[in-house]
Amino acid sequence: SGLEVALADLQSSWNNVHHHTEEISSDRLLVRRGQAFNITLYFKNRGFQPGLDNIIFVTETGPLPDLARGTRAVFSLAGRGGPSPWIALLKTNGPISLEVSLCAPPMAAVGRYLLKIHIDSFQGSVTAYQIGEFILLFNPWCPGDAVYMDSEPQRQEYVMNDYGFIYQGNKNWICPCPWNYGQFEENIIDICLKLLDKSLNFQIDPATDCVLRGSPVYISRVVCAMINSNDDNGVLNGNWSENYLDGTNPAEWTGSVAILKQWQALGCQPVRYGQCWVFAAVMCTVMRCLGIPTRVITNFDSGHDTDGNLIIDEYYDSTGRILENKKKDTVWNFHVWNECWMARKDLPPGYGGWQVLDATPQETSNGLYCCGPASVRAIKEGEVDLNYDTPFAFSMVNADCMSWLVYGGKEQRLHRDTNSVGNFISTKSIQSDERDDITENYKYGEGSTQERQVFLKALQRLKAGRFQGPHRADPQPSVSLKFKLLDPPIMGQDINFVLLAHNMSSQFKDLRVNLSAQSLLHDGSPLPPFWQDTAFITLSAEEAKTHPCKIAYSQYSQYLSTDKLIRISALGEEMSCPEKILVDKIITLAYPGIVINVLGAAIVDQPLSIQVIFANPLLEQVANCVLTVEGSGLFKKQQRVLIGILRPQHRASITLETVPFKSGQRQIQANLRSNKFRDIKGYRNVYVGF
């Protein structure tokens, strides 16, 4: 009689452990390409007889599975299935069961698959069965996969770690912001696959989109465009207006899970609101979930050169304040993007490895708001004609800055700075909470001949060379001006600083210095000045003097942006000559953080108490206080606690109860917001035992 299947066991729990997907699920099959997984077939009437029975396996993905295009595969246990790259091998043949090992090729399309079998028995009877569904992911453990990474500590950090830090602030005060990536949390894999299906590429031509899902270059571009909502119903709406009343202030988020779940709950409508670090963090979650090694990168003093000439023009008035830029060229105080690890078969040899992907909607690429993948090595070598969007990525870390004084309808060039853009390029270290400085991956040492050669090579490739005269050095001013903070700038307290003036010549100098302070957004956009002062300083030959300055809390409190950035500037001019000296300093105001204490040992499935201590740092009462606490593997969903009013400088504490459901290294992230501040943060690492 013909062989009949009674039951199929996909061995999800065993397979998922071996495929590093057990954190996603133990009862759904999630496997990685290029690596075998086992299934067991149980028969009704008899055992499998190799000479008599031929079992043919069929796998299908996408809405129009096609054998010729690789989205359908037909392959036989007996090896008679033709030239399919999928493999089926017999493991053990029992009296009424058969264990089989199946393996997808390392370049197969990722996504949802159906598994079917046809049994062709000796009497010519053919029976077909649908065995079940599985999800196929990228495999950084497989040398044949384009995302292969040969270091296990790197794979653990860039694929498996579900928390991290995103660096913010400014180059003089780098601040780690804790983040819950949560790529293995419940339903996140389904949301990631839905995100691929909502892309414009899939909407226009679903069959071709599914064929191309084997390529990490293709997938990374699709995800990059889908994180922002400029062309499609992407995950996040960008907002740099400082008005977030109809959504969430970007500074309040502490993780990606709440954002992705909200996008799904809204019927795939964009979540309000994101800025660069939120776009990059959500992209990191999606890419790690799909199996592509990914990290989040911060670039301090990041160039946004809109016209591709590698020069960013900044305009100042006679008070020293920075003016809104007509061309929209700006230097972002910090900008955050992703690096994803992949081979680049589409580029000459040597340009694989880390690739820049920037999901913040700044410029279009082939008509869509996405940027990359641009090879980090190509950026370092000035190979700006290599795909994708390498000129824009190059300018973010390498553009020169030109300062202009605007007065009486005229523009006077102040100076050209060749090393102010692209500083302290940072990411979280592997298996530690330290910051890794990776600037040297992006450029040769500032001021080195190699660095200038690469810059000129890039300029030539961009055909921008013809717009510029030869680069001339700025004359060295005979007086130097410099700001120095007297105390760390803390929110709610006065800012005390001095202006240091030093006469480096042998002539007497009579200076008038206009001082001003204005709030900045982290994308470099200036807000109106709220403090101004004028100093008259006389300096004899080679004399140095300090001029004390103070900005009171009452002067800056109502003018601060969420970014808590203040730019102080001084424009000095000599009474007797046209020489002008511009100096500025960016200050980030710091908050005291939230303290989190874990009370007792953390053990899976055992109750755990977590104490959260927070304070109002201001000398005034704040209202509408909300504390949010989350942590993958510790809390099933984000905890929101309504605190209400906090009196001036009042400290408070609450204790939360939870039951950890995943073991290993975990992190708790917390945020306190009120009507006066949005993002007082805190975190605590927790090791959860069995």
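Predicted model: local features only at pLDDT ≥ 70, side-chain atom pairs only at ≥ 80, totals over all residues.
Residues are numbered from 1 along each chain as its sequence is written, and side-chain values use heavy atoms, with hydrogens and water left out.

Let us step back into α8 itself, residues 276-290. Its end C-alpha atoms are 21 Å apart, which agrees with the 21 Å that 15 residues should span at 1.5 Å a residue (the expected span is 1.5 Å times one less than the number of residues). Helix α8 is largely enclosed by the rest of the structure, because 15 of its 15 residues are buried, where buried means under 20% relative accessible area, exposed over 50%, and partly exposed in between, with a 1.4 Å probe and protein chains only.

Now for a strand. Histidine 304 sits in β14, which covers residues 294-304, and counts as buried because its relative accessibility is 8%. Leaving aside residues up to four places away in sequence, histidine 304 touches Ile312, Lys328, Asp329, Thr330, Trp332, Gln362, Glu363 and Phe392, a contact being heavy atoms within 4.5 Å.

Finally, zoom out to the whole chain. It holds 13 helices and 36 strands, taken as DSSP runs (H or I, at least four residues, for helices; E, at least two, for strands) and numbered from the N terminus. The C-alpha trace spans about 110 × 60 × 40 Å along its principal axes. Buried residues make up 57% of the 690 residues. Of the contacts between residues at least 6 apart in sequence, 68% join residues at least 24 apart. As for charge, the chain has 63 positive and 71 negative side chains, and the centres of the two sets lie 1 Å apart; Lys and Arg count as positive, Asp and Glu as negative, while His and the chain ends are not counted, and each charge is placed at NZ of Lys, CZ of Arg, CG of Asp or CD of Glu.
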